[in-house]
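Hi everyone, thanks for making the time. Let me put the structure up, and then I'll walk you through a few spots.

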Amino acid sequence: MSEAQISLSETAARQILQILKGQDKQFLRVSVIGGGCSGFSYQFDLESERSDDDLAIERDGATVLVDTMSVDFLKGSEIDYVDELIGASFRIHNPNATAACGCGTSFSI
């Protein structure tokens, strides 16, 4: 799996760097876990260490880690950060999702 199959937007990279400023963490981890109202959910965590089998997506000095189990669910996705009138959040634009709930963090395949 190449890094290019999961991308990171410029706005997401900027926000990750802003969040990590002054933290003892170096990475944002994006995982897919079972659950949520549509079957799967995205999980976002700050990490200080990288596992040997993690996929690392880098842009403008920011690094996102994805575990091997989550990579297949995220293939072809873009990790973005949006700041809208209703709120700001990381958002995954996932071409594999056949349905998603209104919260934007739960999806089905």
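Let's start with Arg 29, which sits in strand β2, residues 27-34. Helices and strands here are DSSP runs, H or I of at least four residues for helices and E of at least two for strands, numbered from the N terminus. Before I go further, this is a predicted model, where local features need pLDDT of at least 70, side-chain atom pairs count only at pLDDT 80 or more, and totals for chains, interfaces and linings use all residues. Residues are numbered from 1 along each chain as its sequence is written, and side-chain values use heavy atoms, leaving out hydrogens and water.

So, is Arg 29 buried or exposed? Arg 29 counts as buried, at 9% relative accessibility. The cut-offs are under 20% relative accessible area for buried, over 50% for exposed, and partly exposed in between, with a 1.4 Å probe and protein chains only. The side chain of Arg 29 has a polar contact with the side chain of Asp 54, at 2.7 Å. By polar contact I mean a pair of N or O atoms within 3.5 Å; within protein, one must be able to donate a hydrogen and the other to accept it, and residues adjacent in sequence count only if both atoms are side-chain atoms. Setting aside neighbours within four places in sequence, Arg 29 is in contact with several residues, including Phe 44, Glu 47, Glu 49, Asp 54 and Leu 65. Contact here means heavy atoms within 4.5 Å.

Now let me zoom out to the chain. There are two helices and nine strands, and along the sequence they follow the pattern β-α-β-β-β-β-α-β-β-β-β. Of the 109 residues, 38% count as buried. Among contacts between residues at least 6 apart in sequence, 52% join residues at least 24 apart.

Next, a sheet. Three strands form an open sheet in the order β1-β6-β7, with mixed pairing. At its edges stand β1 (7-8) and β7, each with a single partner strand, so one side of each has no neighbour in the sheet. Two strands are taken to pair if DSSP finds at least two bridges between them.

Which way do the two pairs run? β1 and β6 run parallel and are joined by two bridges, and Leu 8 stands opposite Ile 79 in β6. Helix α1 packs on this sheet, touching β1, β6 and β7, and its direction makes about 75 degrees with that of β6. For that angle, axes are lines fitted to C-alpha atoms, for helices over the stretch in contact, and angles run from 0 to 180 degrees between N-to-C directions. β6 and β7 (residues 87-93) run antiparallel, with seven bridges, and a hairpin of two residues connects them.

Within that pair, Tyr 81 stands opposite Phe 90 in β7. Phe 90 counts as buried, at 15% relative accessibility. Beyond four places in sequence, Phe 90 touches residues that include Ala 12, Gln 15, Ile 16, Ile 19 and Tyr 81.

In α1, residues 10-20, the buried residues include Ala 12, Ala 13, Ile 16 and Leu 20. They cover an arc of only 100 degrees around the axis, which puts them on the same side of α1; the arc is that of the directions from the helix axis to the C-beta atoms. Just after α1, Gly 22 takes a positive phi of about 80 degrees.

Ser 9 is buried, with a relative accessible area of 5%. A polar atom of its side chain lies 3.1 Å from the backbone nitrogen of Ala 12. Not counting residues up to four places away, Ser 9 touches Arg 59, Glu 78, Ile 79, Asp 80 and Tyr 81.

Glu 78, in turn, belongs to β6, residues 78-84, and is partly exposed at 29%. Its C-alpha atom is 5.8 Å from that of Ile 92, 14 residues apart along the chain.

One last stop: Asp 60 has a positive phi of about 50 degrees, although it is not a glycine. Asp 60 is in the loop between β4 (55-59) and β5 (62-66), and counts as exposed at 55% relative accessibility. That's my tour, and I'm happy to take questions.
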